[in-house]
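Subject: Structure handover

Hello,

Please find the structure below. My notes on what was found in it follow.

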Amino acid sequence: MTRASLPASETVLRVKDLTKTFGRRTVVDGVSFDVRRGEMFGFLGPNGSGKTTTIRMALGIIRPDAGSIGILGSPPERSVLRAVGYLPEERGLPRKLRVLDALRYLGRLKGLTVAEAEDRAIALLQQLDLDEHYKKRVEALSRGMTQLVQFAAAIIHAPEFIVLDEPFAGLDPLNVERMKEMLFERQRTGATIMFSTHIMSDVEELCDRVALIADGHLLLFGDLAEIKRQRGANAVLVQAPRVPEALTAGRPAVARSGVVEHVLEGGSTPEAVLRAYLDAGISVERFELALPTLNDIFIEEVSRARSIS
């Protein structure tokens with residue numbers, strides 16, 4: 001069944017009130033969110049926020065102290081998890097095996113035949129431009145190559161649900177783009193993708209919906225565009241021959257192609273900025289509200305949460 005034929009509300013993962021404590025420290029505290037079938041979902045948070053622990057609970061690797069988990073319509077049991085691909089933050093490949101042998105072995109664990117596992121491994125290594133390295137032992141690979149092989153291991157069985165923990169760590173820009181394109185390919189064929197990261201630009205590029213966690217608490221969850229709209233514009237972008245004198249005392253910053261960014265602060269409004277241009281008789285070629293970036297929202301929410309904790 002393709003993504004287009006499925007209702008948007010169908011969920012692949014639902015976690016409710018997940019809680020996990022190690023010793024006296026509560027690492028995850030009542031976290032709830034869901035991931036819809038066919039989407040690319042961003043799970044965000046600073047280092048040490050509880051992202052990896054939440055993922056491990058969702059995949060049945062560790063047990064929650066409280067809360068419930070539904071994955072592909074069932075609890076996270078072994079039979080269900082065969083349809084899941086997981087790239088952990090830590091390197092988890094058999095280091096002494098050769099690359100092709102490692103991928104063949106991991107494919108077999110996911111239910112592939114020997115021939116299927118080998119054919120898919122070779123195809124993925126070629127797509128990742130690693131086909132010249134398939135005879136090397138895993139321990140001889142660079143960090144970036146190891147990450148790519150681990151990515152191949154996560155998707156070799158064509159899983160319905162792909163979970164990636166910091167997938168772009170250690171990769172150069174070329175390989176980041178290669179991995180992103182491969183993720184888009186799988187999303188187009190119906191796979192659901194969830195990845196955790198603290199790199200906001202990747203999330204803005206790839207994801208429609210996000211959840212933000214910090215210090216074990218869920219701070220934000222929902223549609224990224226709507227989250228931005230709710231916060232309103234924090235600047236306006238203006239393209240004009242010059243800047244009115246009335247605004248030069250503010251903080252205009254020349255951006256690309258002669259576009260000036262006016263930060264809205266001290267009670268300033270978009271209407272006041274436009275009026276300053278019109279009153280000065282300056283022709284405005286472009287006037288655009290600039291919504292806050294995800295990075296702005298991330299810093300604001302995490303800072304606010306930590307200031308009241």
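Six bridges join strand β8 (residues 209-214) to β9, and the two strands run antiparallel. Helices and strands here are DSSP runs numbered from the N terminus, a helix being H or I with at least four residues and a strand being E with at least two. Two strands pair if DSSP finds at least two bridges between them. Arg209 stands opposite Asp223 in β9.

This is a predicted model, in which local features need pLDDT of at least 70 and side-chain atom pairs count only at pLDDT 80 or more, while totals for chains, interfaces and linings use all residues. Residues are numbered from 1 along each chain as its sequence is written, and side-chain values use heavy atoms, with hydrogens and water left out.

β8 and β9 belong to an open sheet of six strands with the order β5-β6-β7-β3-β8-β9 and mixed pairing. Its edge strands are β5 (84-87) and β9 (217-223), each of which pairs on one side only. From one strand to the next the twist averages 15°. Angles run from 0 to 180 degrees between N-to-C directions, and axes are lines fitted to C-alpha atoms, for helices over the stretch in contact.

Helix α5 packs on this sheet, touching β5 and β6 (161-165), and its direction makes about 165° with that of β5. Contact means heavy atoms within 4.5 Å. Helix α10 (residues 294-308) lies across β3 (40-44), β8 and β9, running at about 150° to β9.

**Helices packed against α5**

Helix α3 (residues 99-109) and helix α5 (residues 143-155) pack at an angle of about 25°, with their axes 9 Å apart. That makes α3 roughly parallel to α5 (angles under 35 degrees count as roughly parallel, over 145 as roughly antiparallel, 65 to 115 as roughly perpendicular and the rest as oblique). On the α3 side the contact involves Val99, Leu103 and Leu106, which meet Val149, Ala152 and Ala153 in α5. By class, the contact of α3 with α5 has six nonpolar, no polar and no charged residues. In this scheme Ala, Val, Leu, Ile, Met, Phe, Trp, Tyr, Cys and Pro count as nonpolar, Asp, Glu, Lys and Arg as charged, and the others, Gly among them, as polar.

α5 also packs with helix α6 (residues 173-188), at an angle of about 5° and with axes 12 Å apart. These two helices are therefore roughly parallel to each other. Leu148, Phe151 and Ile155 of α5 make the contact with Asn175, Met179, Met182, Leu183 and Arg186 of α6. By class, the contact of α5 with α6 has six nonpolar, one polar and one charged residues.

**The three-stranded sheet**

Three strands form an open sheet in the order β2-β1-β4, with antiparallel pairing. β2 (25-36) and β4 are the edge strands, each pairing on one side only. The twist here averages 15° from one strand to the next. Five bridges pair β1 with β4, and Thr19 stands opposite Ala66 in β4. α1 packs on the sheet and touches β1, β2 and β4; its direction makes about 120° with that of β1.

**Salt bridges**

The structure holds 24 salt bridges (a side-chain nitrogen of Lys or Arg within 4 Å of a carboxyl oxygen of Asp or Glu). One of them joins Lys20 to Asp65, with the closest N and O atoms 3.5 Å apart. Lys20 lies in strand β1 (residues 11-22) and Asp65 in the loop between α1 (51-58) and β4 (66-71), so the pair ties together parts that are 45 residues apart in sequence.

Regards
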